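Okay, everyone, thanks for coming.

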Amino acid sequence: LPISRPSAKSHKSALHSAQMKTYCTYLKDCHRRYSCVHCRAHLANHDELISKSFQGSQGKAYLFNDVVNVGCGPAEERVLLTGLHAVSDIHCKSCKTTLGWKYVRNKTSGTRHAREHSYLFFVPPMR
């Protein structure tokens, strides 16, 4: 499953981790970050978290304003709990793991929806 919960690493261990892995973008100035559960590529700063109370197709999901190291697929219309939306599947640029989707636009109403251009990440279950 796509994202790991935030980590608060010391500066020294974060630098060591950065030397061992290649990231497209490294979020170095944040105290907590979300990363890909498979390759540990940084995905989002905790300050970009909008909500933890979302439900995705695979269970619990988090909604973010802005993300890094994420690629988008083509937009397609899906009927979600809140109506018809145009969404794009998103994946980790590093390992290509499917992470969730990006809200492109709300097709149900003609007005701009608050979630447009935000990113929904599936949350892995606790072990």
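C92 is buried, with a relative accessible area of 0%, while C95 counts as partly exposed at 29%. Buried means under 20% relative accessible area, exposed means over 50%, and partly exposed is in between, using a 1.4 Å probe and protein chains only.

A quick word on where this comes from: it's a predicted model, where local features need pLDDT of at least 70 and side-chain atom pairs count only at pLDDT 80 or more, though totals for chains, interfaces and linings use all residues. Residues are numbered from 1 along each chain as its sequence is written, and side-chain values use heavy atoms, leaving out hydrogens and water.

Now the overall picture. The protein chain has one helix and nine strands, and from the N terminus on they run β-α-β-β-β-β-β-β-β-β. Those are DSSP runs numbered from the N terminus: H or I of at least four residues for helices, E of at least two for strands. Of the chain's 127 residues, 47% count as buried.

On to the rings. What does a search for aromatic pairs turn up across the whole structure? Five of them. Rings of Phe, Tyr and Trp (its six-membered ring) pair if their centres lie within 6.5 Å; planes under 30 degrees apart are stacked, over 60 edge-to-face, and the rest tilted. F64 and F121 make an edge-to-face pair, 5.3 Å centre to centre with 65° between the planes. That pair links distant parts of the chain, since F64 is in strand β5 and F121 in strand β9, 57 residues apart. F64 and F121 are both buried.

Then there's W101 with F122: centres 5.7 Å apart and planes at 80°, so that pair is edge-to-face too. W101 lies in strand β8 and F122 in strand β9, so the pair ties together parts 21 residues apart in sequence. W101 is buried at 5%, and F122 is buried at 4%.

Finally, ring pairs link Y34, Y62, F64 and F121 into a cluster.
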